[in-house]
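The following paragraphs lead through a protein model step by step. Please keep the sequence and the three-dimensional view at hand while reading.

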Amino acid sequence: MAGVGLSVASLGWVPCRSWGRVLASLHPHSNLGTLLARKPQWAPSWFPACRKMASLSFLNRPDLPNLAYKRLKGKTRGIIFIPGYLTPMKGTKALAIEELCKSVGHAYIRFDYSGVGNSDGNLKDCTVGKWKKDVLSILDDIAKRPQTLIGSSLGGWLKLPAAVARPEKVVALVGVATATDALVTQFRQLLVEVQKKVEMKGVWSMPSKYTEEGYHHIRYSFIKEAEQHCLLHSPVPVHCPVRLLQGMTDDFIPWPTSLQVADPLLSTDVDVVLRKHSDHEMKEKADIQLLVYTIDDLIEKLSSMPQ
């Protein structure tokens with residue numbers, strides 16, 4: 001596919017299958033090598049917390065749960081961070097991006113999904129579709145200018161339908177361990193007998209090392225509703241720049257998923273960056289540096305484009 005770049009961190013080679021070529025190099029993208037080699041003036045030695053937090057606000061929605069969010073005012077276009085499944089807006093990646101935006105004077109919004117963190121709503125009533133509406137509400141009612149959407153895991157999935165629904169409001173996308181269609185795909189890979197048991201029981205106890213119990217208990221109705229939002233079976237009408245960051249030791253979202261996400265995108269400016277020793281959370285120092293450097297590069301790229 002023309003326009004799709006692949007960086008492989010600490011990896012010798014990787015086949016790109018339908019793209020018909022092998023891309024091997026840490027720096028095949030014209031700007032990415034420079035980006036990773038330099039250390040921006042704003043970059044602190046580490047990003048564990050921000051110097052000053054944005055104040056907590058609420059978006060009141062008459063027929064939907066009120067959403068908690070924090071916003072930094074800034075110049076030109078802005079950035080919205082879309083968190084992962086059941087993850088509040090105060091995670092390492094969200095705070096690191098806020099630190100970057102403060103340093104360069106960029107507008108920034110982070111928020112909690114309905115039923116999560118400080119937002120209203122009952123988690124048992126939540127679906128992928130309702131969380132998609134949360135993202136669109138932030139875009140429509142809080143964001144003042146076109147935005148770069150940065151999504152982690154489930155947020156990486158939700159950034160795509162949001163970009164399709166609001167192409168005039170989205171100028172770039174960044175995904176971290178992008179989980180597009182992943183829940184539905186993983187459920188369909190179960191034995192038919194297991195799927196039937198889950199349907200009868202009404203809950204799928206999906207193994208996860210990211211919970212104390214060792215499982216995510218996913219409602220069967222949640223999985224069935226998620227099927228309505230699967231995207232990878234046909235071309236995805238996203239035309240803006242897209243950057244997909246993925247750890248190769250991710251045991252929740254296999255790294256080829258990022259290639260599968262990149263393939264149907266209609267954009268001619270798509271990069272997939274693989275980190276050989278990074279896991280699903282991608283919150284180690286080098287992972288966070290890669291994320292903020294990638295965003296910084298996009299900010300610079302977009303600044304040269306008409307407003």
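Does Val261 count as buried or exposed? At 1% relative accessibility, Val261 counts as buried, where buried means under 20% relative accessible area, exposed over 50%, and partly exposed in between, calculated with a 1.4 Å probe on protein chains only. Val261 has its place in helix 8, residues 256-262. Helices (H or I, at least four residues) and strands (E, at least two) are DSSP runs, numbered from the N terminus. Setting aside neighbours within four places in sequence, Val261 is in contact with Leu160, Thr178, Thr180, Leu232 and Leu244; contact means heavy atoms within 4.5 Å. Val261 and Ala179 lie 82 residues apart in sequence, and their C-alpha atoms are 8.8 Å apart in space.

A word on the origin of these values is in order. This is a predicted model, in which local features need pLDDT of at least 70 and side-chain atom pairs count only at pLDDT 80 or more, while totals for chains, interfaces and linings use all residues. Residues are numbered from 1 along each chain as its sequence is written, and side-chain values use heavy atoms, with hydrogens and water left out.

Consider next the protein as a whole. Its secondary structure comes to 9 helices and 11 strands. Of the 307 residues in the protein, 53% are buried. Among contacts with a separation of 6 or more, 71% are accounted for by residues 24 or more positions apart.

Because 10 of its 12 residues are buried, helix 4 is largely enclosed by the rest of the structure. Among these buried residues are Leu154, Trp157, Leu158 and Lys159.

How does helix 4 meet another helix? Two packed helices are described by the angle between their axes and the distance between the axes. The axes are lines fitted to C-alpha atoms, for helices over the stretch in contact, and angles run from 0 to 180 degrees between N-to-C directions. For helix 3 (residues 128-142) and helix 4, the axes come within 9 Å and cross at roughly 60°. Helix 3 is therefore oblique to helix 4: angles under 35 degrees count as roughly parallel, over 145 as roughly antiparallel, 65 to 115 as roughly perpendicular, and the rest as oblique. Helix 3 passes helix 4 in a right-handed crossing; a crossing is right-handed if the near helix is turned clockwise from the far one by less than a right angle, and left-handed if anticlockwise. On the side of helix 3, the contact is made by Val128, Trp131, Lys132, Val135, Leu136 and Leu139, and on the side of helix 4 by Leu154, Leu158, Pro161, Ala162 and Ala165. These residues divide into 10 nonpolar, no polar and 1 charged. Here Ala, Val, Leu, Ile, Met, Phe, Trp, Tyr, Cys and Pro count as nonpolar, Asp, Glu, Lys and Arg as charged, and the others, Gly among them, as polar.

Gly175 is buried, with a relative accessible area of 0%. Beyond its neighbours within four places in sequence, Gly175 is in contact with Gly151, Lys159, Arg243, Leu244 and Leu245. Its C-alpha atom is separated by 9.6 Å from that of Leu154, which is 21 residues away along the chain.

Helix 9 has 19 residues and reaches 27 Å from its first C-alpha to its last, close to the 27 Å expected. With 14 of those 19 residues buried, helix 9 is largely enclosed by the rest of the structure. Helix 2 (residues 92-104) and helix 9 (residues 285-303) pack at an angle of about 40°, with their axes 10 Å apart, and the two are therefore oblique to each other. Helix 2 passes helix 9 in a right-handed crossing. The residues of their contact divide into 9 nonpolar, 1 polar and 2 charged.

Two loop residues complete the tour. Asp181, in the loop between strand 7 (170-176) and helix 5 (182-188), has a positive phi of about 65° although it is not a glycine. Met282, in the loop between strand 11 (270-275) and helix 9, has a positive phi of about 45° and is likewise not a glycine. Asp181 counts as buried at 6% relative accessibility, and Met282 counts as buried at 3%.

Technical notes:
Expected span 1.5 Å × (residues − 1).
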